[in-house]
Amino acid sequence: MQEPFKLDTPEKMVAHILQMKATGQLTEENRLATINRMRAQSGDRPLTMAEHLAIEADSNKGIHFYTRTKPQSFFRRLQTALKRSRDVFVSAMRKS
Amino acid sequence: MITQVVLTWYQQTWWVGTKEVLILLGFLVAAFTYRRNTVVRAQDVKAGQIQRTFELMRQYPGETRALVLKVTRQLDDVFNALEVLKAQGEGEDVIKQSRTDLLATVDLIELLHRIDPWGFLLKHPEHLFIDEAANTFSSELSRVLLDKRFSADIDQIMQQSSMMGIPELIEVLKKYEALSNRRF
């Protein structure tokens, strides 16, 4: 795929897009190729179509790359598990 | 005579008492030295923090700020072009495709790479004064990084990316944006 030429005004951008639309280049595969070309600038691996669609669905739901839950440390997970088991125990004892 | 004295002086009463005093003094000197070295190391860390913050504040207004403003302007141009396309009655798919295609012509990746190390520094408060550093660039950077219009494409670019400082940077920017909104 050729490098995009420099578009410095909105008019040029619109003309470029209309031309691309006329030649039928506006497809999801081309979009993914553009994204992968941008990713390649920072040396990241190309995305597959399935991943691309999953990320897009997440973005539409408002889940961004910085809002995803981070992996927690061992003691944090242990603390959560203990708290959860204590809650379960307390609720079971209250019921009986 | 001399050998006799040298061989037996440490068995004498006056030396046993002096030895204890000397040992105590040794401990005191060691404790004092340790405390002083700790203070000196803490001062070194603080000096590095001050120097790094100063470097960042001095370095930002030049090239980096120019790049940030350029990218902001380019993003506005892209948005205007998209508005024109919308006004011409193009469909949602065309708009989405055009947004990605036009973003590829913007110097966004270069900017992300330029600011990525700051995220690392912001993650470690002993390296940088976060308030001062964030105050230097937050007002301009949040216009690029927290831009809702292009967040879908930035998500695609940043997915499992090697630029690990950016999420931290965004977190700090969000915090400061919330602070500045609350203040007024």
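**Notes on the A–B interface and the core**

1. Let's start with one pair: A:Glu56 and B:Lys96 form a salt bridge, and their closest N and O atoms are 3.1 Å apart. The term stands for a side-chain nitrogen of Lys or Arg within 4 Å of a carboxyl oxygen of Asp or Glu. Across the interface of chain A and chain B, the rule finds three salt bridges.

2. Before going on, keep in mind that this is a predicted model, where local features need pLDDT of at least 70, side-chain atom pairs count only at pLDDT 80 or more, and totals for chains, interfaces and linings use all residues. Residues are numbered from 1 along each chain as its sequence is written, chains are lettered from A in the order in which they are written, and side-chain values use heavy atoms, with hydrogens and water left out.

3. How many residues of chain A are in contact with chain B? There are 39, and they meet 41 residues of chain B; contact here means heavy atoms within 4.5 Å. About 3,500 Å² is buried between the two chains, with carbon and sulfur atoms giving 59%. Buried area is the accessible area (1.4 Å probe) that two parts lose on being put together, summed over both. On chain A's side, A:Met38, A:Phe65 and A:Tyr66 supply 21% of what chain A buries against chain B, more than any other three residues.

4. The rule also finds 16 residue pairs in polar contact across this interface, both residues at pLDDT 80 or more. That takes a pair of N or O atoms within 3.5 Å; within protein, one must be able to donate a hydrogen and the other to accept it, and residues adjacent in sequence count only if both atoms are side-chain atoms.

5. Have a look at A:His52, which sits in helix α3 of chain A (helices are DSSP runs of H or I, at least four residues, numbered from the N terminus). A:His52 is buried, at a relative accessible area of 0%; buried means under 20% relative accessible area (1.4 Å probe, protein chains only). Its side chain makes a polar contact with the side chain of B:Gln156 (3.1 Å). Not counting residues up to four places away in sequence, A:His52 also touches A:Glu28, A:Arg31, A:Leu32 and A:Ile35.

6. Last, the largest nonpolar core: 49 residues, with B:Leu108 and B:Phe137 having the most contacts inside it. Such a core is a set of buried Ala, Val, Leu, Ile, Met, Phe, Trp, Tyr and Cys residues joined through side-chain atoms within 4.5 Å. Beyond neighbours within four places in sequence, the contacts of B:Phe137 include B:Trp118 and B:Leu169.

Definitions and conventions. Buried means under 20% relative accessible area, exposed over 50%, partly exposed in between (1.4 Å probe, protein chains only). Helices (H or I, at least four residues) and strands (E, at least two) are DSSP runs, numbered from the N terminus.
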